[in-house]
Amino acid sequence: MNLAAMSPSDILALGARAGAMLDELARISAEPSRLVRLYLTPEHRRAADLVAGWMRQAGMEVSEDALGTVRGRFSAGASPDDAKAPRLLVGSHIDTVVDAGRYDGPLGVVAGILAVDHFSAGGPALPFGIDVLAFGDEEGSRFPSTLATSAACVGAFDPATLGFADRNGVTFAEALKAYGKNAQDIAAAAYRRDEVAGFVEVHIEQGPVLEQENEPLGVVTGIVGQSRLRVVVTGEAGHAGTVPMELRRDALAGAAELILAVERIARELAADRVVATVGRIEAEPGAVNIIPARVAFTVDVRAMSDEVRRSAVEQIESEGWRVVEARGLQVAFEPFHEAVTAECDLTLQNTLAAAIADLGHRAPRLPSGAGHDAQMMAKLCRSAMLFVRCRGGVSHNPAEYASPADIGLAIAALIRFIERFAPGQA
Ligand SMILES: [Zn+2]
């Protein structure tokens, strides 16, 4: 094991380099005044090309799979057998939410590239290769799908996703074709189990724990499961001036009652760390003087325990039936996404913690309340995540910030992790 010393100034220089790359990526946006980079858009194309160029400069061979994931392949073993050894996968996503920050996702891609750059620019030879992956559909901001790109890498892509439409009615399949991809090739994007030794993702924490702990880096123990559903409440449209209150079947008032119930149910389950959110709502016909006839809204429920999460969803549904019955409405629940809780591999957690200790830091362990590509990759191989402290725990917001010093430490820890990583380690 070659743990070549990395000086504090080397680490700061790494952070500064990463910061410049993150700034460059953040300039690629659909809108001039805020960061919006959705999956399979011209902005995605430009970001993918920029990342591919960096990968080549870092000594990687670059390809792109059928869902647009950019793959940089690095092999620098001392013997030809090393190239055949199971590979370590490192990556994160380059799509963003609307009005995003610049660290969520791109940090993990840039960290992977700079870590590989360290080894290709004279670091120790490795007995295994590394693939750096830049996924494109993590946030689910364009289509009602998430983790579609990492799902393809693990052979778990759901073909129903191809029929999902964005807000403009463009389907996933149409967008894929316009991006120059062929849906027939999706199956070929899957890694074989025997060619992969593990997956590691560097990501901002998106929460306040590391800041409270006064530590720059943390090791993720697991990623919470999620359920997402679309709820449609149907009533009857009517004149806002002439229909008496007791004769109304107001879909929006019913939806409002149910939305408050969603909040109450999650609060009652706070000890189990259940969180539930209604983030999007549409009322039809949507006029100031018409009683709403139809309301559609989304519900997002997350918990570390799959059992508790499913029971929260059941409670929300039974509450919904109660509300519509009392109000003479109808309701439909349409689940569109479910992810089970993904535990991070304990050996890889320990390797990450040891890498962080090599840099003179403690490594608090914490669960992730946000979904990540690592949870999908856990279906294929041992997976782990390194969290980086972010200011105020803020993310999905232009105020998102991680310091160059912390980012430099994260990349140094990833390099240490790679040096310590042994594909066969149990
Ligand atoms: Zn992310």
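1. Start at the zinc ion: its donors are spaced H-x10-D-x98-H along the chain. Here donors are N, O and S atoms within 2.8 Å of the metal (3.2 Å for Na, K and Ca), and water is not among the atoms, so sites may look incomplete. The protein donors are His-93 (NE2), Asp-104 (OD) and His-203 (NE2), at 1.9 to 2.2 Å from the zinc ion. His-93 sits in strand β3 (residues 87–93) and His-203 in strand β5 (residues 196–204), so the two tie together parts 110 residues apart in sequence.

2. A word on the source: this is a predicted model, where local features need pLDDT of at least 70 and side-chain atom pairs count only at pLDDT 80 or more, while totals for chains, interfaces and linings use all residues. Numbering runs from 1 along each chain as its sequence is written, and side-chain values use heavy atoms, with hydrogens and water left out.

3. Are the two histidines buried or exposed? His-93 is buried at 0% relative accessibility, and His-203 is buried at 1%. (Buried means under 20% relative accessible area, exposed over 50%, partly exposed in between, with a 1.4 Å probe and protein chains only.)

4. Now Gly-72, which is in strand β2 (residues 70–74); helices (H or I, at least four residues) and strands (E, at least two) are DSSP runs numbered from the N terminus. Gly-72 is buried too, at 0% relative accessible area. Beyond its neighbours within four places in sequence, Gly-72 is in contact (heavy atoms within 4.5 Å) with residues including Met-55, Glu-61, Ile-130 and Asp-131.
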